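Student: Could you help me learn to read a protein model? I would like to begin with aromatic rings.

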Amino acid sequence: MGLQLPFKFAGSSKDALVSSRTGPSKMMEYDQPLVWVTLLLMLFGLVMVYSASIALHDSPKYANYSSSYWLQRQAAFICISLVAGLFVFRVKIALWQRYASLLFVATLFLLALVLVPGIGVSVNGAQRWLNLQVYNLQPSEIMKIAMVLYAADYTVRKQEYMHKLTKGFLPMAGAVGLVGLLLLLEPDLGAFGVIVCIAMGILFLGGINIVWFGGIGGLLVLIFTAIIALSKFRRERIFAYLDPWEQNNALDKAYQLTHSLIAFGRGEFFGVGLGASVEKLHYLPEAHTDFIMAVIGEELGLAGVLVVIAMFYWLVKRAFDIGRQAIAIDQTFAGLVAKGIGIWIGVQTFINMGVNLGILPTKGLTLPLMSYGGSGVLFNCVGLAILLRIDYENRVLMRGGRA
């Protein structure tokens with residue numbers, strides 16, 4: 001029996017998905033595989049968060065916490081995220097389009113608020129959170145979904161100007177530049193990189209001039225290179241990444257990378273067994289957040305890593321399929337949003353896995369849906385609920401109904 005959502009879809013009898021005259025439709029009311037893959041990733045992540053954090057309370061820093069503290073928190077985050085996803089699913093895509101610009105401006109305000117002394121929360125030298133008492137909200141996670149919606153809406157509104165530099169590209173570049181400035185002040189270069197990829201990807205799909213796109217891509221490479229070159233800390237990280245096993249690097253800037261690689265090496269093909277990781281025992285920092293993939297590699301081996309990669313690949317491919325379908329039935333905004341969500345999940349997953357595997361320099365980005373953290377899981381679910389809604393509206397429209 002298929003998974004049933006705990007509410008009825010709004011709409012008149014004319015728009016009903018199941019007609020009493022024609023009998024039940026062979027098309028599912030919603031994308032069940034998308035729901036199940038999302039749930040499996042979150043539940044798999046919950047198990048791995050528990051495994052990766054079970055020894056944290058032995059550290060003096062977390063001496064007052066129980067061994068199941070992070071498990072309980074992550075389970076609560078997942079429950080809240082699923083409830084939020086159900087409510088978001090009920091919101092029509094047209095409403096997201098209407099308020100996309102307002103959401104973008106409101107999120108900009110939250111990013112600025114983070115930088116206000118006494119309001120923003122600083123952790124490990126980075127000021128990226130707002131204290132909501134119950135948990136810390138990370139506005140950069142909201143900005144990822146806000147950028148998807150804003151860039152899609154902007155592309156639709158400015159479609160006739162997409163081949164013009166001044167009216168087409170520069171206004172969007174200014175908006176992304178403002179976001180980048182606020183994120184670099186936190187600092188959060190990783191989130192900025194993801195947001196730039198989202199904006200550029202949607203502009204490319206929306207038909208921006210390919211010559212300008214290539215030039216802009218080159219300019220962004222120069223900008224990121226300059227940011228790294230002008231920061232002593234980032235320069236040292238790059239040099240450590242290039243030679244992580246050099247003694248000074250291995251004990252300093254490349255410490256996380258070397259222990260992550262050791263974890264993957266210990267895992268071999270089938271892992272050392274669930275819960276049997278050694279690297280999580282205070283050797284590998286942030287094992288339950290940024291480096292959860294290394295714990296998966298150690299405990300479940302190459303087999304476990306390939307399963308996770310396969311699920312994320314399917315999720316991203318499905319997002320692009322839904323987007324392509326929406327554009328085919330003239331729902332351009334919805335199609336660009338769906339593909340933007342695919343870009344967001346795909347880019348962030350690639351960066352996180354690349355960092356864990358030593359393909360990319362160390363950067364603090366979580367693995368979507370799986371890493372510990374309330375803001376990340378919540379807004380991943382919000383984004384995927386919007387994707388599910390797009391697919392639902394596609395199905396209704398293809399039956400001749402109204403979304």
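Student: How many aromatic pairs does a search of the whole structure find?

Tutor: Rings of Phe, Tyr and Trp (its six-membered ring) pair if their centres lie within 6.5 Å; planes under 30 degrees apart count as stacked, over 60 as edge-to-face and the rest as tilted. Searching the whole structure gives nine aromatic pairs. In one of them, tyrosine 65 and tyrosine 69 have ring centres 4.5 Å apart and planes at 65°, so this pair is edge-to-face. This is a predicted model, where local features need pLDDT of at least 70 and side-chain atom pairs count only at pLDDT 80 or more, while totals for chains, interfaces and linings use all residues. Residues are numbered from 1 along each chain as its sequence is written, and side-chain values use heavy atoms, leaving out hydrogens and water.

Student: Are tyrosine 65 and tyrosine 69 buried, exposed or partly exposed?

Tutor: Buried means under 20% relative accessible area, exposed over 50%, partly exposed in between (1.4 Å probe, protein chains only). Tyrosine 65 is partly exposed at 33%, and tyrosine 69 is partly exposed at 25%. Ring pairs also link Tyr62, Tyr65, Tyr69 and Trp70 into a cluster.

Student: How are the rings of phenylalanine 77 and tyrosine 372 arranged?

Tutor: Their centres are 5.9 Å apart and their planes at 55°, so the pair is tilted. The pair links distant parts of the chain, 295 residues apart: phenylalanine 77 is in helix 2 (residues 69-89), and tyrosine 372 is in the loop between helix 13 (332-357) and helix 14 (374-398). Helices (H or I, at least four residues) and strands (E, at least two) are DSSP runs, numbered from the N terminus. Phenylalanine 77 is buried, with a relative accessible area of 10%, and tyrosine 372 is buried as well, at 15%.

Student: Which residues touch the most other members of the largest nonpolar core?

Tutor: A nonpolar core is a set of buried Ala, Val, Leu, Ile, Met, Phe, Trp, Tyr and Cys residues joined through side-chain atoms within 4.5 Å. The largest one here has 111 residues, and those touching the most other members are Met147, Met172, Val179, Val337, Ile341, Ile386 and Ile390. Helix 12 (residues 292-328) gives the most to this core, with 14 residues.

Student: What does methionine 147 touch?

Tutor: Contact means heavy atoms within 4.5 Å. Leaving aside residues up to four places away in sequence, methionine 147 touches Phe104, Met172, Val176, Val179, Ile195, Ile198 and Ala199.

Student: How many helices and strands does the protein have?

Tutor: There are 14 helices and three strands. Of the 403 residues, 50% count as buried.
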